[in-house]
Amino acid sequence: MASSQSHYILPRPSFDAPVKLLIVVAPYYRDITNDMIVGARAEIAAAGATCDLIEVPGALEVPTAIATAERLSNYDGYVALGCVIRGATTHYETVCNDSSRALTLLGLQGLFIGNGILTVENMAQAEERANPADMNKGGGAAAAALHLVALARKWGSQRATPGFKPDTEEYQLAQTTKGNRSA
């Protein structure tokens with residue numbers, strides 16, 4: 001049950017240039033993550049941004065997929081979605097702690113990530129948090145990513161045009177040259 005206490009929510013950011021986010025979802029609890037996707041997509045659209053969506057096997061793979069996308073594509077930010085429900089073993093703590101820690105470390109490296117991986121005790125808590133008409137944690141994660149992109153643009157760190165990097169000979173040559181210098 002949601003608290004009657006009101007919470008402050010930042011005003012939605014606005015953008016002068018296009019914003020493209022990648023939603024990375026671990027759909028283990030499909031009904032929960034579907035609600036979160038609805039909330040995230042609605043928030044992204046309301047900000048005038050666009051998004052792509054990919055699925056990964058579980059919450060532990062979400063940070064790896066985001067790190068890979070950062071290296072191989074050109075998204076402005078990322079929305080991590082999933083749900084981990086406490087079970088009878090310590091696996092819950094491992095998944096919650098390690099996925100959260102990895103997302104935090106990626107954020108400290110400069111990626112703009114909204115963490116919407118729910119960590120709950122039971123299905124009722126998950127349903128309440130995922131529901132776009134209730135706690136809307138998917139929308140909140142998308143809003144967090146959008147706010148981080150807005151801050152970076154405010155401080156002059158705007159990236160190139162959103163979308164995937166071009167598949168041209170010049171780009172491939174630049175990547176090969178770049179790879180040879182780091183070897």
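# Side-chain pairs in a predicted model

Tyr29 counts as partly exposed, at 23% relative accessibility. Here buried means under 20% relative accessible area, exposed means over 50%, and partly exposed lies in between (1.4 Å probe, protein chains only). This is a predicted model, where local features need pLDDT of at least 70 and side-chain atom pairs count only at pLDDT 80 or more, while totals for chains, interfaces and linings use all residues. Residues are numbered from 1 along each chain as its sequence is written, and side-chain values use heavy atoms, leaving out hydrogens and water.

**Aromatic pairs**

- There are two aromatic pairs in the structure.
- Tyr28 and Tyr29 form an edge-to-face pair, because their ring centres are 4.9 Å apart and their planes stand at 85°.
- Tyr75 and Tyr78 are also edge-to-face, with centres 6.2 Å apart and planes at 65°.
- Rings of Phe, Tyr and Trp (its six-membered ring) pair if their centres lie within 6.5 Å; planes under 30 degrees apart are stacked, over 60 edge-to-face, and the rest tilted.
- Tyr28 is exposed, at 64% relative accessible area.
- Tyr75 and Tyr78 are both buried.

**Cysteines**

- The structure has zero disulfides (pairs of cysteine sulfur atoms within 2.5 Å).
- For the sulfur of Cys96, the closest cysteine sulfur is in Cys83, 9.1 Å away, so the two are too far apart for a bond.
- Cys96 is buried, at 10% relative accessibility.
- Cys51 is partly exposed, with a relative accessible area of 24%.

**Salt bridges**

- The model holds eight salt bridges (a side-chain nitrogen of Lys or Arg within 4 Å of a carboxyl oxygen of Asp or Glu).
- Glu55 and Arg30 join in one of them, at 2.6 Å from N to O.
- This pair links distant parts of the chain: Glu55 sits in strand 2 (residues 50-55) and Arg30 in helix 1 (residues 30-46), 25 residues apart.
- Helices (H or I, at least four residues) and strands (E, at least two) are DSSP runs, numbered from the N terminus.
- Glu55 is partly exposed at 43%, and Arg30 is partly exposed at 39%.
- Arg153 and Asp76 form another salt bridge, at 3.3 Å from N to O.
- That pair spans 77 residues: Arg153 is in helix 5 (residues 137-154), and Asp76 is in the loop between helix 2 (62-72) and strand 3 (77-85).
- Arg153 and Asp76 are both buried.

**A salt-bridge network**

- Arg86, Glu93 and Glu121 are linked in a network of salt bridges.
- Between Glu121 and Arg86, the closest N and O atoms are 2.8 Å apart.
- Glu121 lies in the loop between strand 4 (113-120) and helix 4 (123-130), and Arg86 in the loop between strand 3 and helix 3 (91-108), so the pair ties together parts 35 residues apart in sequence.
- Glu121 is partly exposed at 40%, and Arg86 is partly exposed at 35%.
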